[in-house]
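Please look at the sequence and the 3D structure together before reading the questions below.

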Amino acid sequence: MPPVPAEPGPPRGAPGFGRTGGRGPSGAPGHPGAGGPADPAAGPAREAGRLGGPLFRDEHAGTAPPGVTETVVLRAISDDAPAPGHGTPPYPGAPVHPAPPPSHPAAGQPRFVPSSHPGQETPVAAQSDPQPQPRKQRGGRNLQAAIGVGVGLGAVIIASLFVVKALFLVVVMAAVAVGVWELTSRLAERKEIKAPLVPLVVGGIAMVATGYWSGIQWAAASLALTGLAVMVWRMAAPPENYLRDITAGVFTAFYVPFLATFVALMLAADDGPQRIVLFLIVTICSDTGAYAVGYKFGRTKLAPTISPGKTREGLAGGIGLSMLAGALLMQLIIDGGSWWQGLILGGCAAVTATLGDLGESMIKRDLGIKDMGTLLPGHGGIMDRLDSLLPTAPVVWLLLAAFVGS
């Protein structure tokens with residue numbers, strides 16, 4: 001580094017020369033006899049706490065003697081030499097602050113990395129360590145919980161079907177009551193539609209019971225009476241939105257309990273448990289085949305504005321697997337059934353199951369929700385499991401009655 005000329009100072013021998021920054025003949029800075037009398041105010045403490053020279057401006061301006069120069073060497077900043085205030089005092093007597101470890105910069109301070117220019121460092125924005133992102137399940141579902149709940153529901157259904165047939169009727173009634181409650185609750189929360197819950201639950205249970213014990217005529221009569229009860233029950237509230245509320249109530253009575261009544265009608269046959277098994281398996285195969293084939297080969301969207309995950313290839317896979325299951329089960333477990341009848345039944349069941357799924361997707365999109373409830377971990381609510389079963393039940397009941405009798 002080239003020498004830096006000293007600032008002009010008082011001439012040699014003038015008062016103040018050699019007080020802090022000049023040098024006398026003896027070479028000792030500030031020696032009183034070297035170039036002039038020392039400042040009376042300057043003492044040991046002043047000498048220890050102050051630095052002189054042209055960089056600190058503590059001398060009076062003047063004219064430097066001819067030929068006198070001073071060289072000031074600035075130490076380069078590097079990793080081995082901490083900056084002032086961190087490890088070395090900037091002046092004698094200053095407090096010493098320990099420097100933070102190089103590998104752990106202070107909080108809120110930028111990191112520095114070596115630069116290509118000697119004596120310089122380049123600041124780098126501090127970046128937090130990347131945190132591992134939790135692995136997401138497909139569709140946001142907990143797969144383990146969904147499998148566990150599915151196995152548990154299957155065990156309850158099989159046990160109630162083949163131990164005491166009437167117990168399965170109780171399972172259907174409980175599912176109807178919870179489904180009605182879920183649907184009316186979501187309507188009230190999202191749209192402020194107040195469909196009467198009490199007449200819907202009572203009428204729904206009556207539909208299932210009368211359908212099992214007395215047949216379809218009594219189930220239809222129970223539906224009509226439930227609609228009238230909804231109209232009367234709603235009269236207790238103010239007339240505003242009366243038509244809207246009773247319309248939602250009649251729709252709920254038809255959509256949940258009346259369609260579920262056809263499950264009770266299948267159960268009432270002599271081979272009722274076998275018919276229920278056929279109905280459940282062809283519907284499950286429709287969903288499973290559509291999921292597997294659509295996941296692997298799905299390219300063309302089936303209804304992108306309703307359910308973006310469904311594809312035409314998945315629909316074909318669901319129909320194919322459901323037809324195969326229908327042909328096998330119709331031949332093996334249904335008295336008087338034939339494989340070709342199972343093909344027709346399985347194909348129709350797959351179509352209605354898909355339409356039922358799309359129908360509830362429309363309802364949930366209109367309400368702005370993802371699931372109808374949270375009762376079943378990994379599945380959502382009861383209505384999220386009944387969406388494909390409910391519209392499939394009357395189709396399977398009708399085809400079985402046509403093929404092998406009721």
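**Reading the model, step by step**

Q: In which helix is the place of R190?
A: This is a predicted model, in which local features need pLDDT of at least 70 and side-chain atom pairs count only at pLDDT 80 or more, while totals for chains, interfaces and linings use all residues. Residues are numbered from 1 along each chain as its sequence is written, and side-chain values use heavy atoms, with hydrogens and water left out. Helices (H or I, at least four residues) and strands (E, at least two) are DSSP runs, numbered from the N terminus. On this numbering, R190 has its place in helix α4.

Q: Why does R190 count as partly exposed?
A: A residue is buried under 20% relative accessible area, exposed over 50%, and partly exposed in between (1.4 Å probe, protein chains only). R190 falls in the middle class because its relative accessible area is 45%.

Q: Which residues is R190 in contact with, leaving aside its neighbours within four places in sequence?
A: R190 and L367 are 177 residues apart in sequence, but their C-alpha atoms are 5.7 Å apart in space. Contact means heavy atoms within 4.5 Å, and with the sequence neighbours left aside, the partners of R190 are L367, G368 and I369.

Q: What is the relative accessible area of N241?
A: The place of N241 is in the loop between α6 and α7 (242-267). N241 also has a positive phi, of about 60°, although it is not a glycine. It counts as partly exposed because its relative accessible area is 44%.

Q: How far apart are the N and O atoms where the side chains of E189 and R186 meet?
A: Side chains of opposite charge can pair when their charged atoms come close. A salt bridge here is a side-chain nitrogen of Lys or Arg within 4 Å of a carboxyl oxygen of Asp or Glu. E189 and R186 both lie in helix α4 (residues 166-191), 3 residues apart, about one turn of the helix. E189 counts as exposed at 53% and R186 as buried at 12%, and their salt bridge has an N to O distance of 3.0 Å.

Q: With which residue does K310 form a salt bridge?
A: The closest N and O atoms of this pair are 2.8 Å apart. The pair links distant parts of the chain, 47 residues apart, with K310 in strand β4 (residues 307-311) and its partner in helix α10. The partner is buried, because its relative accessible area is 18%, and it is D357.

Q: Which residue meets D384 in a salt bridge?
A: The N to O distance of this bridge is 3.0 Å. D384 lies in helix α11 (residues 382-386) and its partner in helix α10, so the pair ties together parts that are 20 residues apart in sequence. Both residues are buried, and the partner of D384 is K364.

Q: Why does T226 count as buried?
A: The place of T226 is in helix α6. Leaving aside its neighbours within four places in sequence, T226 is in contact with P199, L200, G203, M207 and A253. It counts as buried because its relative accessible area is 5%.

Q: How many residues does the protein chain have, and what share of them counts as buried?
A: The protein chain has 12 helices and 4 strands. Among contacts between residues at least 6 apart in sequence, 65% join residues at least 24 apart. The chain has 406 residues, and the share that counts as buried is 37%.
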